Amino acid sequence: IRRHVSLAFLLSSDIDGEQLRMLEESFEGVFVSEPESVDITTRILESNNGSSEVLIEGDLVFPKTRNALNCFNNNCFWKKNSNNIVEIPYIVSGEFSYNNKLVITNAMSTFHSKTCIRFVARSTQTDYISIENKDGCFSSLGRTGGKQVVSLNRNGCVYHGIVQHELNHALGFNHEQTRSDRDKYVKINWENISPDTAYNFQKQNTNNQNTPYDYGSIMHYGKTAFTIQPGLETITPIPDETVEIGQRQGMSNTDILRINKLYGC
């Protein structure tokens, strides 16, 4: 399949669900080799170190039009069409390699097979995502209108889990540990966080959609995010501090459930 499927086919909007499932099975794990010791947050924050963008919580573009990081009004959600499908037009920069594009396409295919979200090649749509090789991994929160950049730096961001993480931001999803009820589930160790970066841990007025707190969410920070010293935890799960957080393999079942609830799939 890698040899015979053309990139134009892979990135066209005409791939049906069955073809996508075949592609997903074929590509699963092929281009997703990540060092086991590095969690998703560490990799994102390393990639974004020194980025020229003004970023909140490590990888969210500072909103120029909205006052806060919330997406309650429907203006920042993508619209459903008459077939109850949410089409999100996108383009991919020519700076990405063939393999980079396969990773991006494979990450998108989970949305296609598990939700009513469809990433489709942009033709003339006004609102669209432009996936670019900028200086880091970052996205806006929700639909901003017009062209909006999802940055996936070729040297640190083109991994299955990170692509899904940034696309979830573009759909309107916050980081899990900024949930309004997070203090019941994690302890923020402020003493291990520099005052300069403490704003990254502010709780947001999130719409939790009656779904449980998800330690396994692709949107959850790792335990040492923004730490002042390597190895010191900034986030500790409670009551069981051994619970894993910051996984990067792919969207959890709860991540998928939330997309389907939010977008009425």
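**Entry 1: helices and strands.** I started by counting elements, and the chain has six helices and nine strands. I noted at once that this is a predicted model. Of the 265 residues, 54% count as buried. I also looked up how far contacts reach along the sequence: among those between residues at least 6 apart, 71% join residues at least 24 apart. For the surface, I found that the chain exposes about 12,300 Å², with carbon and sulfur atoms supplying 47% of it.

Entry 2: Next I traced an open sheet made of five strands, in the order 4-3-5-7-6, with mixed pairing. Which are the edge strands? They are strand 4 and strand 6, each of which pairs on one side only. I then followed strand 3 and strand 5, which pair in the parallel sense over three bridges. Here Val-92 has Ile-131 of strand 5 as its bridge partner.

**Entry 3: helices on the sheet.** I turned to helix 4 and saw that it lies across strand 3, strand 4, strand 5 and strand 7. Helix 4 runs at about 145° to strand 4. Helix 5 lies across strand 3, strand 4, strand 5, strand 6 and strand 7, and its angle to strand 7 is about 160°.

**Entry 4: the cores.** I wanted to know which residues have the most contacts inside the largest nonpolar core. They are Ile-131 and Leu-152, in a core of 36 residues. Strand 3 (86-92), helix 4 (98-114), strand 4, strand 5, strand 7, helix 5 and helix 6 (253-262) each give at least two residues to this core. As background, I jotted down that nonpolar side chains tend to be buried together in soluble globular proteins. A second, separate core has 13 residues, including Leu-45, Val-186, Ala-225 and Phe-226.

**Entry 5: salt bridges.** I found eight salt bridges in the structure. One of them joins Asp-127 and Arg-143, with the closest N and O atoms 2.8 Å apart. This pair links distant parts of the chain, 16 residues apart: Asp-127 is in the loop between strand 4 (117-121) and strand 5 (128-132), and Arg-143 is in the loop between strand 6 (137-138) and strand 7 (147-152). Are the two partners buried or exposed? Asp-127 is partly exposed, because its relative accessible area is 23%, whereas Arg-143 is buried at 13%.

I checked Glu-132 again, this time for its salt bridge with Lys-134, where the closest N and O atoms are 3.7 Å apart. Glu-132 is buried, at 14% relative accessible area, while Lys-134 is partly exposed, at 36%.

My next pair was Asp-183 and Lys-203, whose closest N and O atoms are 2.7 Å apart.

Definitions and conventions. Residues are numbered from 1 along each chain as its sequence is written. This is a predicted model: local features need pLDDT of at least 70, side-chain atom pairs count only at pLDDT 80 or more; totals for chains, interfaces and linings use all residues. Side-chain values use heavy atoms; hydrogens and water are left out. A salt bridge is a side-chain nitrogen of Lys or Arg within 4 Å of a carboxyl oxygen of Asp or Glu. Helices (H or I, at least four residues) and strands (E, at least two) are DSSP runs, numbered from the N terminus. Buried means under 20% relative accessible area, exposed over 50%, partly exposed in between (1.4 Å probe, protein chains only). Contact means heavy atoms within 4.5 Å. Accessible areas come from the Shrake-Rupley method with a 1.4 Å probe; for residues, only the protein chains shown count as cover. A nonpolar core is a set of buried Ala, Val, Leu, Ile, Met, Phe, Trp, Tyr and Cys residues joined through side-chain atoms within 4.5 Å. Two strands pair if DSSP finds at least two bridges between them. Axes are lines fitted to C-alpha atoms, for helices over the stretch in contact, and angles run from 0 to 180 degrees between N-to-C directions.
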